[in-house]
Amino acid sequence: MGQLSGPTDPAADAHWDINKPRKGFFTDTSICIGCKACEVACKEWNRNPRDGDLELTGMSYDNTVALGASTWRHVAFVEQGHDAIERARESGAALVSLGMPAVRGGGSSETVTAATDTAPPDTPEFRWLMASDVCKHCTHAGCLDVCPTGALFRTEFSTVVVQADVCNGCGTCVAGCPFGVIERRSDGTVEPKTKRGNQNEQQPAAIGANRGGTSAKSAKTQVPNAGIAQKCTLCYDRMVDGQTPACAKTCPTTSIKYGDRADMVAQAKERVAQLHAQGMTEARLYGANDNDGVGGTGSVFLLLDEPEVYGLPPDPRVPTADLPQMFKRAGLAAAGMVAAAALSFVKSSLRGRR
Amino acid sequence: MANADCIVLQGGNMAECHPVGFQWVSEAKARGAVVIHVDPRFTRTSAVADKHIPIRAGSDVVLLGAVINHVISNDLWFREYVLAYTNAATLVNPDFRDTEDLHGLFSGFDPETGHYDTSTWAYADPEGGGIDRPGGPDEHGAEQSDRAAGEAHGSGGPSLEHAKVERDETLTDPRTVFQILKKHYARYTPEMVEQLCGISAEDFGYLADAVTRNSGRDRTTCFGYATGWTQHTFGAQFIRTAAILQLLLGNVGRPGGGIMALRGHASIQGSTDIPTLFNLLPGYLPMPSAGRHDTFTDYVNSVGSKKQKGYWADADAYAVSLLKAWWGDKATAENDWCFDYLPRLNGPAGTYQTTVSMLADEVEGYFVLGQNPAVGSANGRQARMAMSHLKWLVVRDLNLIESATWWQDGPEIESGELRTEDIGTEVFFLPAATHVEKAGSFTQTQRLLQWRHKAIDPPGQCQSDLDFFFELGQRIRAKLADSDDPRDRPLLDLTWDYPLDDDGNPDPESVLAEINGRHLTGDKAGQPLSAYTEMRADGSTEGGCWIYTGVYADGINQAARRVPGGGPSPSQSEWGWAWPADRRILYNRASADPDGKPWSKRKSYIWWDAEAGKWVGDDVPDFPVDRAPHSMPDPDLGGPAALTGDDPFIMQADGKGWLYAPSGLVDGPLPTHYEPQESPVANSLYPQQQSPARVMFPREDNLDAPSAGDFGVDVYPYVFTTYRLTEHHTAGGMSRWLPYLSELQPQMFCEVSPQLAAERGLVNDGWATIISPRAAIEAKVLVSERMTPLSINGRTVHQIGLPYHWGVGGTDAIVSGDAANDLMGVTLDPNTQIQESKAGSCDIQPGRRPRGEALLELVREYQQRARVTVETDNIRITDPAREIIDPPPASDPPPPPGADGDEPWGSRW
């Protein structure tokens, strides 16, 4: 077993001897237009079932609510007024003064013309944040570390993938993920609450099956991998062929970028420096710090507010990070108990002597 | 767009509705461009723009007119460009009277027909009077409107008898276009913008500064619009306002400039180039009209005069080549190239006139292809009722859409207005192939033809449009084979002989080759044409759409070019093929100064190479390639030969960009603000409330809400506007049947501001009922600060947003809901026959709508309370006491209006 916390090379830790660079995403939420093409492309490629109850959630334009067993990319929509924007700017500025972004003025900022306004912009009255979330493919992945069957494994690209045919659906990984990403796909024991939400023939194998004279009724299909833990594979099946994951491939504004994780982190740092130079102190990175509670993530994000605003944990920590300490404490406790037991014998023998 | 320094998106929601094209806006922004979004709602486009400016729906001409005024009065216009390349210096007919003189009308209004006689708007003729359209005095506005003649200008301006205009280069003569323009917009001020658009002086200043700062020699600004501009009773004029501004600022024909018409879906640009419209033939040749185009000579002369400048003077070559492509050897000089085989228009035959004809039992059958009128047409109830009058209806679609099922589960079945057993319409559903199941070309927004190869065969009985129509033609021709009736000759004489594949279906590339055209005689007989300039009017060439000639040059499908990134040229010339002649930027001669040098290094694109004696640069020059910058050919030469070295607008009859349109528009030579058909706001600029030349349908099934000043305006106090979401496709036929899209936006909703929610007791995620004089629908509620109440003329105007993707009925639809278009009335732009579906009046109440008869009762109760009649909003002249009709009508002046302002008088429709 490799390291349990801090910076490391996950593939090497997993004893891969082929030396491939770690792959990852950089999701730049500052240029996301909330088109959800990533959600659709992901489902198309992975043939994931439709989710939910087909009812409006009332949560802005977000009707898929969160990442889950069938939704591996999820776009959050956050509407904010003036005060919330001010707070985001201040909290971001506080991070900047801590010296968080290490890189100032990278290569790409040269493309900005001289006319670019570098004065801090007036705080707008309103903004609408959009951010495409995805599995973080952590350096220290809680799901993988706690999986008792070996269904979850670390790929040669340092990503984390479920083998559906090995998973027994025990659900231990669900509690092990500090981001709440991995989930067991409903096996029918948890039904959508409306009749409409439970229309079986809408599952992927039947798409278009009622066209051209085929009856929709005959095309009913079962949900694939029911009861099995499911999450983003970073399109492992595409990566082995040198292809870009479906979400990044389809993103029209390059909000989702894919590549070597080191490049992704470098680009992210450059971009955040560029935004800071434009006075947008609210910009900050998420997952780019290898000293965080999960040793940094394969999916790096540029956010425009505190992570909680997007539904992300502010300080994610892999449960197994504490294993050495836990062992130490457990050992100490055991030693203490042994000592106490011994002491009680000593005492009782002393008493007995009296 | 990626080259722009400032991008104004107005009348459109590019990030949501054109997300793929939006990559160029993203790229421009990454390079430092300012992006401004002007829209009633804060949308996903606003979210990534530098600035969102909320505007009241339908008031855009006030805002842009005020920017024009700002540019002229502060001397911020691009003098060299304007003087050389526009008609600013041209003199206009002395009989012309502006809306400033006549209080809201232009000269020539005919209250009898409700249309303009446009002859006084013409350029002054040095011989006296005005320069007419060829073939006599200008066609009357009523006639032009009936054939939606405005749409014929999709690839160039209207014709002129000749191009010998009078000019005053000092721009001081009050008859110059420049002076007329200046006077026309003098009262379009920031204060007026605040009053009518609800935009603060500060926001106006931001917009005006951004646009002017980013225009000139070194910088360019680009506009992008969509149906937020077109779908108004004077929608064409919204776009004209932007065109005037862009010409004044020198932003046309240059990289990063222009006005982008963001088309709504795949190949919708293609469907006007090779039209599915009643009034056009391929390449923007007009459909001939009875009485006006009785002979081929009459027809081609009216399309383009041999005495005018530019390439429309060769309209005869384009028309003959088209007729040769259709009727082959049967088309000869002796029979006028089978011109008489073409049907003639005898009146407007747009969607809405057809609907009304159906209701009058004048239409027997109806083909519905790629359209869902039961959900997508304004006044949906009228559209569905109309279909119930048909004898037969064919719906070709991917799914059993509402237009195919209204007879069993439509809203009128539920309300009891229709009973299935009473409907005599025989409905045929024919399944269609999707875009991945057939090969062909898409022509998108940027005039780019891109070829699609077939990925898989269509399932079951699904068929491509090409296969379907080819087979339909074969079957009809087989049935008529023995006919000797002359009316069957056009069908029997058609060239209908495409090479077939193994399944007996025509090869799509052979159709492209026919569209491109070929030589018929001489050495090159049988070879593809390489440019439209090779077309001849003597029958030696054929070609199905002259603007597409070159797409199959050298026998190669140029639309299938897919060099990554488009190749090394900045114009990305190796990706697809752009009409005309593979030019990526139209009128690109204007990217160089009158001497032929780039305006600046940063914006260089096409320039004159004196040594080589030709125009060179990053694109195909949109100009006679060897015409030197200062050449001054004899104007009598006519056609392309008459273009001077500084006439960049080669499709305009005088070679200039038109600040003022002496011809071609039926509702005014300069854009003028009028209120929408129904509006709670009074027009503070003129006594005239609505556009006087709009096309009205005063009918009991198409009632309008009272406008400002009329009784009952408070019964429908709110403005509503309709739009699309990224997650769905128009009337839903391509998205509500797909699980992955349906789950993203599962239910019909309305968007309201927190203030309106408080005023009406609406709750987020609750239900609301929205009532217009046409219908009442229900929707879930999204309360959001993205909707901003506006302060207009001292009152608060609330706007309600309604996506229009849902419909009632449809078999196997995953999601369904009430249709926003049921709320819409039908009133049209007279230039284009497009309905006003971006602004209407309504009320909103919490809770779900009643069902059955009670729903009709609710709509009626509102109508009665507002005292709505067919006359409401359907009066042409709002205030006859103040407005002047010039020249005065021959008959007695009409009586003054009644006390309540909507007393009928004179001609109303």
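Predicted model: local features only at pLDDT ≥ 70, side-chain atom pairs only at ≥ 80, totals over all residues.

Colleague: Is A:Cys167 buried or exposed?

Modeller: A count of C-beta neighbours settles that, with 20 or more within 10 Å as the cut-off for buried. A:Cys167 has 21 inside 10 Å, so it counts as buried.

Colleague: Which residues does UniProt list for "binding site"?

Modeller: The unreviewed UniProt entry gives A:Cys147, A:Cys167, A:Cys170 and A:Cys173 under that heading. They span 27 residues in sequence, but no two of their C-alpha atoms are more than 10.5 Å apart, so the four gather at one spot.

Colleague: And where is A:Cys147 found?

Modeller: Look at the chain A loop between α4 (142-146) and β4 (152-154). A:Cys147 counts as buried because it has 24 C-beta neighbours inside 10 Å.

Colleague: Now for the core. Which residues have the most contacts inside the largest nonpolar core?

Modeller: The general idea is that nonpolar side chains tend to be buried together in soluble globular proteins. Here the largest nonpolar core has 246 residues, and B:Ile7, B:Leu63, B:Val67, B:Leu248 and B:Leu323 have the most contacts inside it. Helix α15 (residues 315-327) of chain B gives the most to this core, contributing ten residues. There is also a second, separate core of 67 residues, which includes B:Ala386, B:Leu762, B:Ala768 and B:Leu802.

Colleague: How do I read a pair of helices, say α4 (residues 60-73) and α9 (residues 190-197) of chain B?

Modeller: Two packed helices are described by the angle and the distance between their axes. For this pair, the axes come within 9 Å and cross at roughly 170 degrees. Angles over 145 degrees count as roughly antiparallel, and α4(B) and α9(B) are therefore roughly antiparallel to each other.

Colleague: Which residues meet there?

Modeller: From α4(B), B:Val62, B:Leu63 and B:Ala66 meet B:Pro190, B:Met192, B:Val193, B:Leu196 and B:Cys197 of α9(B). By class, this contact has eight nonpolar residues, no polar ones and no charged ones.

Note on methods. Residues numbered from 1 in each chain as written. Chains lettered and ligands numbered in written order. UniProt positions renumbered as here; feature names shortened; annotations may be inferred. Helix = DSSP H or I, 4+ residues; strand = E, 2+ residues; numbered from the N terminus. Buried ≥ 20, exposed ≤ 12 C-beta atoms within 10 Å, placed from the backbone. Core = buried A, V, L, I, M, F, W, Y, C linked by C-beta atoms within 7 Å. Axes fitted to C-alpha atoms, helices over the stretch in contact; angles between N-to-C directions. Parallel < 35°, antiparallel > 145°, perpendicular 65-115°, else oblique. Contact = placed C-beta atoms within 7 Å. Nonpolar A, V, L, I, M, F, W, Y, C, P; charged D, E, K, R; others polar.
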